[in-house]
Amino acid sequence: MIRALLFANTDTNGEMSRDGEMREKVNKFESEPVSYRALPAIAFTNSSSSPENRNNNPLSKASQILFYQYVEPEWSKAKMKSVLGFMRQVGDELGVTGRGRISQEGANCTLTAKDPHSAREFCNRLRKFDKIFEETDFKITDMVEHSQRFKRLTLVPKDELVAYGLEKEKAPSLKQNKSKHVNAIEYHEMLKDKDSVVIDVRNHYEVDIGRIEPPEGGATFLNPEMRNSREFPKWLNLPETKKQLEGKRVMMYCTGGIRCERASALISQMERVGDLKETKGIAMVRGGVDRYLKTFPESGGFWKGKNYLFDLREAQMAEKEGELETTSKCCACERAWSKYEGKFVCGDQKCKVPVLVCDGCRNVIEANTKKNSFVKRQKKGSNGNTWIANKTKSDDKNDPHDVKNLRCPLCKVGKELRSIEPVDSAAQKRLLTLEGGNAKINASNKRPRKESKTLFIGKLPLSVTATEIKSALKLNDDNNAEIEWMMDSKSGFFYGSAVVKLASKDRCRSLLEQYKKDPPRIQNKFIAVGYFDEDWKNKNRKKMKEKEEKKDNDAKEDGGKKRRLAEEEYKRLFRKGERPPVT
Ligand SMILES: [Zn+2]
Ligand SMILES: [Zn+2]
């Protein structure tokens, strides 16, 4: 702790938190994304410039680049191919290696560069190649050992950036996603809130060796216990999961942030169609655990254990001293263990996830495996010599050191999600398209209307009451607010629109600002809210006339009626009352 304090005092990025005795170094700079700004400079220490200190000089070390970028609407196949080609060409030119998935959805890469300059050059070339990469939050780590560099560059075209089974028409819209990215510092504060749940959207074998552990009296931790990401839409479809999310602020995190993008979009979509009752908002940490740990480099914040990585660094952890508070175990002998070594997998045929095997057990298993493969060869060669085979332990079902008997923690307790139906994301998406998408988007993305002191509200359920509207719009205490139903005077029908007259334009504006942050809902559906255009009558007169003349056929169409409110109807548009009148 003393070391931490000294460090904090000398670090310009450092901030002291006022948690009483728990003071920790907070690296504010690391919590911010690099989108639309210069990439972080190479950090030289005072001693690194001297030649005898080659070991501290970032220029003599390799660098790592982690990034992902979703695109919506998705790239055409040709565009995707050109991105792939460009990355390969620039990668070869600059000596950048690693792995990446390229899809019409975007790109997700874990790369290494031979030095910090080529790492930055690679990112800048991408930015020049396509504007979309200006938006990308490139995470560059310098001082990486050359031994941890990838040997070659492998970029593979895929259907999805993360294999959720949510491709194409099943993909919940990212643009309509109401979830928020928050920086690591805000996220850290949110974890103290008891009205929050925090979902670890990584696989169980990752969660096993390290995870966020919210403070006592803080958020509730939820581990979906997945074997792979395809199980996430299944877990979300469980009634007990939905119950755990309802009425809570839903927080989530993953390694670098990418898995939260589609995952949060799915939760947001479920909420918009009413498959999930109202939450208190959805939040994900920008840059994932990676940025969270860099923001709290010494204490690790509320992180406990190791951050499982898919690159050659294997795992990342906070610098804090002392033993890891890990609860993970060797799957063969149950002693505390947290290193995935030797590429062992669960012996259950349907599972096959990585399992933890301690050094001791690994030696025994490897010796066994060698012996067994030798015996198998013998058996084959001597044409059914069972005498040798009998002498091996390969058929012993109880031998914990037989690779076939290794079981992951989920298989040990018989947990599985694979037989559950996933959320029907495609159907939900169709429904939202029919209903005109997200009310929030409608309210904020339409060309701004002229300010007025009257609000227009649309997409109301037909059974709505004035009380419901007032409460959704937070107007319960506003005696000036007057609701008037909009009726189609020809048919006399209520089509789900109304106006609310307010005391002033200022009042109207401040309410709309409020609704942007917290879009109003009635009976679990978002409603549309905006300024009511008081010049509507004049503007529409000409348009309506033309339309009338052009197509009388519209009248036969159901939806056409809504759009065909003619000028003379306007006079009789508004009626007051608790319920829209039934004719
Ligand atoms: Zn062991
Ligand atoms: Zn298993």
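Which residues does M252 touch, not counting residues up to four places away in sequence?

1. Before the answer, a quick reminder: you're looking at a predicted model. As for M252, its partners are V198, I199, V201, C260, A263, S264 and M284, leaving aside residues up to four places away in sequence.

2. Now zoom out a bit. M252 belongs to the largest nonpolar core, a set of 68 residues, and together with I65 has the most contacts inside it. Helix α8, residues 258-273, is the top contributor, giving seven residues. Both domain 1 (51-161) and domain 2 (164-357 + 406-428) supply residues too, so this core lies between them.

3. As a bit of background, nonpolar side chains in soluble globular proteins tend to be buried together.

4. Have a look at the backbone as well. E72 and P73 are joined by a cis peptide bond, with omega about 0°. You'll find P73 in the loop between β1 (62-70) and α2 (77-94).

5. Two spots with positive phi are worth a visit. Y36 isn't a glycine, yet its phi is about 55°; look for Y36 in the loop between α1 (2-10) and β1. Y36 counts as exposed because it has 10 C-beta neighbours inside 10 Å, and the cut-off for exposed is 12 or fewer.

6. E225, also not a glycine, has a positive phi near 55°. With 18 other C-beta atoms within 10 Å, E225 is partly exposed.

Methods
Residues are numbered from 1 along each chain as its sequence is written. Chains are lettered from A and ligands numbered from 1 in the order in which they are written. This is a predicted model: local features need pLDDT of at least 70, side-chain atom pairs count only at pLDDT 80 or more; totals for chains, interfaces and linings use all residues. Helices (H or I, at least four residues) and strands (E, at least two) are DSSP runs, numbered from the N terminus. A residue is buried if 20 or more other C-beta atoms lie within 10 Å of its own, exposed if 12 or fewer, and partly exposed in between; C-beta atoms are placed from the backbone. A nonpolar core is a set of buried Ala, Val, Leu, Ile, Met, Phe, Trp, Tyr and Cys residues joined through C-beta atoms within 7 Å. Domain bounds come from an automatic or database domain assignment. Two residues are in contact if their C-beta atoms, placed from the backbone, lie within 7 Å.
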